[in-house]
Amino acid sequence: MGIYLNPNNAAFRNFVRTGNYVDKTMLIHEMNLLLDDPGRDFVCVSRPRRFGKSLAEDMLSAYYSKGADSRELFSSLKISQSEDFEKYLNKYNVIKIDLYALYTEWNTLANEEKSEKSFIPYVAMLVCNEFKKQFADVTFPEMNSISSFIQQVYSEKDETFIIIIDEYDVMVRQQVPDDEFDKYLSFLNSLFKNTTLRPAISLAYITGILPVVREKVQSKLNTFHEYTMLDAEALEEFVGFTTSEVKALCEKYNCSFEECKSWYDGYHLGKFEVYNPQAVFNAVTTGRFKSYWSVTSSYEVVAEKIRMNFDGTKDDIITMLGGGRVSVDVLKYRNYMNTFYSKDDVFTYLIHLGYLAYDEKEEECYIPNREIYLEWQRAIKENDDYAETNKIISASRELLEQTIAGNEKAVADALDKSHIHVTSNLSYNNEKCLQSAIYLAYIYALNGYIIAKEMPAGKGYADIVYIPFDKTKPAMIVELKRNSSTETALDQIRQKQYFDCLENWHGDLLFVAVNYDEETKNHECKIERFVK
């Protein structure tokens, strides 16, 4: 048993014992299906920070590692019911390396130590020292080489290995000097492009924030099958928490599922809605719904990229801030950290980091939830190009208060400004554009309302519905008309019984009718209060 070679199961065991583990052990079953299957048994999983990459690796290590006895640990978890549970349990030599942790550790060494042993040789030394202890009867070469040591054990003992590497992309993200990067490429090449070594590796599972860097690293990792935030394939439900898992957590901790959904949902992968795991866990255990994003990341990531201001970037960002979606070509981006050629590159990069979500079917990106909206608002706050956007956002709280107070003129005036602002990328005389204008104008409502567009209601679909978490505030049904009248909009709300969409709502309800004139570009508003 070692730290890097055949580690024990302490990390995963300690987390499970907290009683807060959301059972994702069927990921093990998915990996069992890939063992010793050339073309599928090299797996690269990329996802944002705080989406459970390290915990998944701790789990896989605890299951496969010969350095642990994990039968009891997994006995109450889903994988124990799988027919392949016993077959592979603690049967493999596991090499588990957190490259970011080791890179940080290496950077703390004195300069003379670092000059004597650069990063990759430092990693090799640590791992190979454990080989020598655990396989004392094997004759290893003098030079520390992880690939050579694996090959020697396989040759003499016919034992295969599972390699688990966390933060495989650290050398790309840290933008290390070329000589260090070349050593890293040689390291990858020796492990994953070595045809002689290939039979000795039953599974390779590597994770990072970014997919494989095309051209620069891809030649060394083109044997890997990639699962990303663009397409997670069979691993969709393991990327984050699913709806059923979040509902169970909210029930356990007596929290509002709807509020949790508005804060942390929005990443749709295949047939699953995926939630940010760490944020959900923090919220339900503390009872505080807020943005936990900046704890481990920073809105400056977004700010830095939008300052590049590629053609069309500003218009698309305003559209997304207005609740809309924009087309994105995710195939252009080469997965570099410091080379961007278009807004498509920027948006794809932000999808991988979790600041945008991606609809694979429609090939569109969008801001997924309230937590991420707050990061975007912070990112544009000091950007002069978004001065007018910031004015609208800043005025949003006052607009909401004026709406509740029944100030119809204030609503019409605010929509005049917001509607003009969102038209650069949308046709002005377009209901989608007006809907975006309303969403942007009322963006402060994200702080206390569930917001639903085109909500099934009564005998039709309500354009926009605002449902407050604080039941002392009124709910709002907004109906939009073009070249018509506010009375027509109000009649539609009443006749089609849109208030039926608020089946469980008891209290004040505002009918907000909005009409705009294509010729004058002016809006009018009528607000009617209804008690349900």
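Contact here means heavy atoms within 4.5 Å. Keep that cut-off in mind for every stop below that speaks of touching or meeting.

**Before you start**

This is a predicted model, in which local features need pLDDT of at least 70, side-chain atom pairs count only at pLDDT 80 or more, and totals for chains, interfaces and linings use all residues. Residues are numbered from 1 along each chain as its sequence is written, and side-chain values use heavy atoms, with hydrogens and water left out.

**Stop 1: the whole chain**

Along the principal axes, the C-alpha atoms fill a box of roughly 90 × 50 × 40 Å.

Of the 532 residues, 57% count as buried. Buried means under 20% relative accessible area, exposed means over 50%, and partly exposed lies in between (1.4 Å probe, protein chains only).

Take contacts between residues at least 6 apart in sequence: 69% of them join residues at least 24 apart.

**Stop 2: Leu5**

Select Leu5, in the segment before α1. Leu5 is buried, with a relative accessible area of 0%. What does Leu5 touch, not counting residues up to four places away in sequence? Its contacts are Val94, Ile95, Glu130, Phe131, Gln134, Phe135 and Phe161. Leu5 and Glu226 are 221 residues apart in sequence, and their C-alpha atoms are 25 Å apart in space.

**Stop 3: Asn309**

Go to the loop between α16 (300-306) and α17 (313-321), where Asn309 is found. Asn309 is partly exposed, at 37% relative accessible area. Leaving out residues up to four places away in sequence, Asn309 touches Lys314 and Asp385. Asp385 is 76 residues from Asn309 in sequence, yet 9.1 Å away in space, C-alpha to C-alpha.

**Stop 4: salt bridges**

The structure holds 24 salt bridges. Each is a side-chain nitrogen of Lys or Arg within 4 Å of a carboxyl oxygen of Asp or Glu.

Select Glu245 and Lys24. Their side chains meet in a salt bridge, 2.8 Å from N to O. Glu245 lies in helix α13 (residues 243-252) and Lys24 in the loop between α1 (10-17) and α2 (26-32), so the pair ties together parts that are 221 residues apart in sequence. Glu245 is buried at 13% relative accessible area. Lys24 is buried at 12%.

Next, pick Arg71 and Glu86. They form a salt bridge, with the closest N and O atoms 2.7 Å apart. Arg71 lies in helix α4 (residues 71-74) and Glu86 in helix α5 (residues 85-88), so this pair ties together parts 15 residues apart in sequence. Arg71 is partly exposed, with a relative accessible area of 41%. Glu86 also counts as partly exposed, at 41%.

Then select Asp265 and Lys261. This salt bridge is 2.8 Å, N to O. Is Asp265 buried or exposed? Asp265 is buried, at 6% relative accessible area. Lys261 is partly exposed, at 26%. Finish with Arg49, Glu167, Asp169 and Arg173, which salt bridges with shared partners join into one network.

**Stop 5: helices around α22**

Two packed helices are described by the angle between their axes and the distance between the axes. Axes are lines fitted to C-alpha atoms, for helices over the stretch in contact, and angles run from 0 to 180 degrees between N-to-C directions.

Select α21 (residues 396-404) and α22 (residues 408-421). Their axes come within 8 Å and cross at roughly 145°. Leu399, Gln402 and Thr403 in α21 meet Ala410, Val411 and Ala414 in α22. The residues of this contact divide into four nonpolar, two polar and no charged. Ala, Val, Leu, Ile, Met, Phe, Trp, Tyr, Cys and Pro count as nonpolar, Asp, Glu, Lys and Arg as charged, and the others, Gly among them, as polar.

The axes of α20 and α22 come within 11 Å and cross at roughly 145°. Glu388, Thr389 and Ile392 in α20 meet Lys417, Ser418 and His421 in α22. By class, this contact has one nonpolar, three polar and two charged residues.

Key: Helices (H or I, at least four residues) and strands (E, at least two) are DSSP runs, numbered from the N terminus.
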